[in-house]
Amino acid sequence: MKTNIVSTATGKANVSALFFVKKSVQFSNVLSENAEKQVESVLNGMEDGPFEDLELLEIDGQSTLFVNAAKERGLSSLDHLRMAAFRLAKKACKRQIPVVSIMLADAAPEQFKSILLGLHYADYKFDAYKSKQKEAFQVTFELVAGEHTAEFKKIAEEVAVENKAIVLAKNLINTSSSDLTPAEFVENANTIAKYTPGLSIKVRNMKQLEKEGFMGHVTVGKGSSHEPYMITLSYDGSKSSKKSAKNARTSADHLVFVGKGLTFDTGGLCLKPPKSMPEMISDMSGAATVLAAIQAIATLELPIKVSTVCCLAENAIGNKSVLPGDIFTAKNGKTVMVDNTDAEGRLVLSDGLAEAGLIGATHIVDLATLTGAMVRALGYAVAGFFSNDDALALNVINCGEACCEKFWSMPLEEEYADALKDHFADLKNTGSDAGAIAAALFLQEFVPEDTAWTHWDIAGTAFVNKAWKYTEYGATGFGVQTLIELARRMSSVASEDAANEDTDGEYVAVEA
Ligand code: BES
Ligand code: ZN
Ligand code: ZN
């Protein structure tokens with residue numbers, strides 16, 4: 001797919017596309033009077049809903065596709081616009097229409113962005129393992145932006161960066177585990193750091209992890225022939241000259257993303273049942289998502305300091321595997337009894353959270369395909385999240401909404417905290433029957449003091465077993481956009497604060 005943002009009146013494409021909601025056409029102020037009348041009569045001629053997309057109709061001598069962008073049950077109008085754009089792109093490809101112009105002259109910037117993302121999503125396919133790669137028909141979309149042309153061109157550049165990150169995350173997640181070992185993941189991260197200006201990387205191998213006391217990684221990873229790694233990527237945009245200009249942020253905020261990176265999770269000696277195992281290729285979704293997000297944030301040169309910690313290991317069975325009942329000392333000094341070897345994500349994350357503290361995080365977001373309980377509670381459309389900070393929690397919800405990613409706030413219920421206590425050790429890695437909450441409470445034990453923290457359990461949302469919205473079977477890329485948006489909003493609040501010169505260094509939540 002190619003996109004071309006133009007400011008012509010009607011576009012010169014073979015086919016035009018018009019979005020409509022119920023009986024009214026959207027973004028149409030570039031239509032001629034004659035075309036407007038014809039469109040009106042087409043839409044008025046429709047029965048009262050449910051409205052379908054309309055195939056090619058002749059409007060003012062121009063073949064036109066009518067795309068239904070009405071809000072659907074459960075989806076925001078922004079999300080439906082994205083879906084409509086996805087359907088349009090699929091249709092144009094199937095019908096082999098080389099150039100389609102889309103009338104977007106009076107679209108709002110966020111509507112334009114959503115449509116563009118829908119077109120990009122339609123372009124994604126993961127066929128690395130197919131014996132024959134199908135040559136996809138290439139469609140050029142001419143986005144008729146009227147007087148918004150310059151503004152929309154800039155948005156399109158940003159969307160391309162975000163899409164590249166989403167594609168990176170999806171490709172990593174969809175790659176099978178023998179091909180994406182922890183060492184291979186490190187290779188990918190090294191390449192990204194090398195080609196992304198401003199991004200630095202530090203990698204710890206098994207020996208270094210053990211030496212420095214990151215025993216969560218060692219405990220989980222030692223049963224595998226593929227050694228565990230911890231990657232720390234850093235980007236300091238707080239001194240960025242491009243975007244922050246004279247309103248440069250002066251406060252010491254440091255946003256750190258921590259991702260669970262189990263390149264495969266067999267469950268260890270507490271073996272998973274065969275049915276739920278193949279999906280465990282996606283158990284490194286958290287790490288892939290945070291890697292992708294920092295790549296985009298650095299490329300966009302957002303004026304904020306961001307780091308990413310990827311906690312990589314393979315939870316395998318071997319003669320060195322951790323045994324149920326084993327006790328290890330975590331990086332923060334707390335001792336942990338491994339009650340269930342399948343609850344491994346929280347063990348590597350204890351190190352990731354410690355590392356976030358060591359590098360000076362003021363805000364931590366951890367992402368993990370952590371519990372089956374979260375899948376059962378909220379399914380694939382909504383991610384449950386936890387937070388120890390109300391302003392950060394509100395920001396997560398708002399950023400998610402702006403990105404068409406749904407978040408639901410879950411409680412860090414103290415009544416269940418005692419269930420984590422062990423007879424011999426300080427803690428064990430299982431707790432109350434409320435499995436997602438138990439895991440979050442466990443993580444909270446390792447959050448550095450005085451740090452705003454949010455934990456996103458993306459077990460349900462990272463990977464879908466059937467096509468959903470604008471995603472085919474497999475990785476969804478969930479979280480990449482919300483992380484970028486969070487960094488964007490935190491940096492713009494900082495810049496505004498700096499401009500107003502009344503900042504006390506506190507970060508305040510912004511309404512979407
Ligand atoms: N990786 C799984 C969680 C998971 C389940 C992710 C389904 C994606 C889809 C995690 O490591 C796990 O196995 N958690 C256990 C914890 C339990 C043993 C306390 C679970 O949720 O069953
Ligand atoms: Zn597990
Ligand atoms: Zn796991």
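Analyst: Donors are N, O and S atoms within 2.8 Å of the metal (3.2 Å for Na, K and Ca), and sites may look incomplete because water is not among the atoms. Four donors count as tetrahedral if all angles lie between 85 and 135 degrees; four count as square planar and six as octahedral if opposite donors are over 155 degrees apart and all others between 65 and 115; anything else is irregular. This is a predicted model, in which local features need pLDDT of at least 70 and side-chain atom pairs count only at pLDDT 80 or more, while totals for chains, interfaces and linings use all residues. Residues are numbered from 1 along each chain as its sequence is written, chains are lettered from A and ligands numbered from 1 in the order in which they are written, and side-chain values use heavy atoms, leaving out hydrogens and water.

User: What makes the arrangement around the zinc ion (ligand 2) irregular?

Analyst: Its six donor atoms subtend angles of 71 to 168 degrees, and the arrangement is therefore classed as irregular. The protein donors are Asp265 (OD), Asp342 (O), Asp342 (OD) and Glu344 (OE), at 2.0 to 2.2 Å.

User: Why is glutamate 344 called buried, and why does aspartate 342 count as partly exposed?

Analyst: Buried means under 20% relative accessible area, exposed over 50%, and partly exposed in between (1.4 Å probe, protein chains only). Glutamate 344 has 1% and is therefore buried, whereas aspartate 342 has 23% and is therefore partly exposed.

User: Why is threonine 471 called buried?

Analyst: Threonine 471 has a relative accessible area of 3%, so the term buried applies.
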